[in-house]
Amino acid sequence: MNIAHTWPLMASLMVRRSNDWEYRTMWNWMMLGLESNRVIGLRIAKLMRGGKAAQREAQRMVSEKVLAAAKAGTSLMAGASGNKIVEQYRRKVAANAKRLSSKRIRRRRK
């Protein structure tokens, strides 16, 4: 679920022009902050439950951050714009939000 759809008032207050790169850049940064905040909340909830799932999530969180920073650095050295790098982060954050918010029911083996 994209957070932009839940905030129509904010979107309606901003006038969008088709070729306005400043708007797209600002929008991407703002949405990255909002979406990241949601993922942080979901992760905290998972970590507070404890257990093996929390331990795996903590390890995954650290390794994802290292890999994302390396990918961003590589993209930057290859000439990618800051906006493209933020879009990369947003895709990863969206995948994490989807994974963390899905309700998985695991059956115990007897």
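The model is predicted, so local features are given only at pLDDT of at least 70 and side-chain atom pairs only at pLDDT 80 or more, while totals for chains, interfaces and linings use all residues. Residues are numbered from 1 along each chain as its sequence is written, and side-chain values use heavy atoms, with hydrogens and water left out.

The protein chain contains 4 helices and 0 strands. Helices are DSSP runs of H or I with at least four residues, strands are runs of E with at least two, and both are numbered from the N terminus. Along the sequence the pattern reads α-α-α-α. The chain has 110 residues, and 26% of them count as buried. Buried means under 20% relative accessible area, exposed means over 50%, and partly exposed lies in between (1.4 Å probe, protein chains only). The chain exposes about 8700 Å². Carbon and sulfur atoms supply 59% of that area. Accessible areas come from the Shrake-Rupley method with a 1.4 Å probe; for residues, only the protein chains shown count as cover. Contacts were also examined by their separation in sequence. Among contacts between residues at least 6 apart, 61% join residues at least 24 apart. A contact means heavy atoms within 4.5 Å.

Helix H3 has 27 residues. Its first and last C-alpha atoms lie 40 Å apart, close to the 39 Å expected at 1.5 Å a residue. The expected span is 1.5 Å times one less than the number of residues. The buried residues of H3 are Ala54, Glu57, Glu64, Ala68, Ala72 and Ser75. These residues pack against H2 and H4. Just after H3, glycine 79 takes a positive phi of about 100°.

Helix H4 covers residues 82-101. The buried residues of H4 include Ile85, Val86, Val93, Ala97 and Leu100.

Alanine 72 lies in helix H3. It counts as buried because its relative accessibility is 11%. Alanine 72 touches Ile85, Gln88 and Tyr89, not counting residues up to four places away in sequence. Alanine 72 and lysine 84 are 12 residues apart in sequence, and their C-alpha atoms are 9.3 Å apart in space.

The structure holds 8 salt bridges. A salt bridge is a side-chain nitrogen of Lys or Arg within 4 Å of a carboxyl oxygen of Asp or Glu. Side chains of opposite charge can pair when their charged atoms come close.

Glutamate 64 takes part in two of the pairs described here. Glutamate 64 is buried, with a relative accessible area of 10%. Arginine 60 forms a salt bridge with glutamate 64, with the closest N and O atoms 3.2 Å apart. These two residues are 4 residues apart in helix H3, so about one helical turn separates them. Arginine 60 is partly exposed at 37% relative accessibility. Glutamate 64 also forms a salt bridge with lysine 92, and here the closest N and O atoms are 4.0 Å apart. That pair links distant parts of the chain, for glutamate 64 is in helix H3 and lysine 92 is in helix H4, 28 residues away. Lysine 92 is partly exposed, at 39% relative accessibility.

Another pair sits within helix H4. Glutamate 87 forms a salt bridge with lysine 84, with the closest N and O atoms 3.8 Å apart. The two are 3 residues apart in the helix, so about one helical turn lies between them. An α-helix has 3.6 residues a turn, so residues three or four places apart point the same way. Glutamate 87 is partly exposed at 24% relative accessible area, and lysine 84 is partly exposed at 48%. Elsewhere, salt bridges that share partners join Arg43, Lys46, Glu57, Arg60, Glu64, Lys92 and Arg99 into one network.

The surface carries a nonpolar patch of about 330 Å², made by Ile40, Ile44 and Met48. Patch residues have over 30% relative accessible area and no salt bridge; like charges are joined within 9 Å, and nonpolar side chains (Val, Leu, Ile, Met, Phe, Trp, Tyr) within 5 Å. Methionine 48 is in helix H2. Methionine 48 is exposed, with a relative accessible area of 68%.
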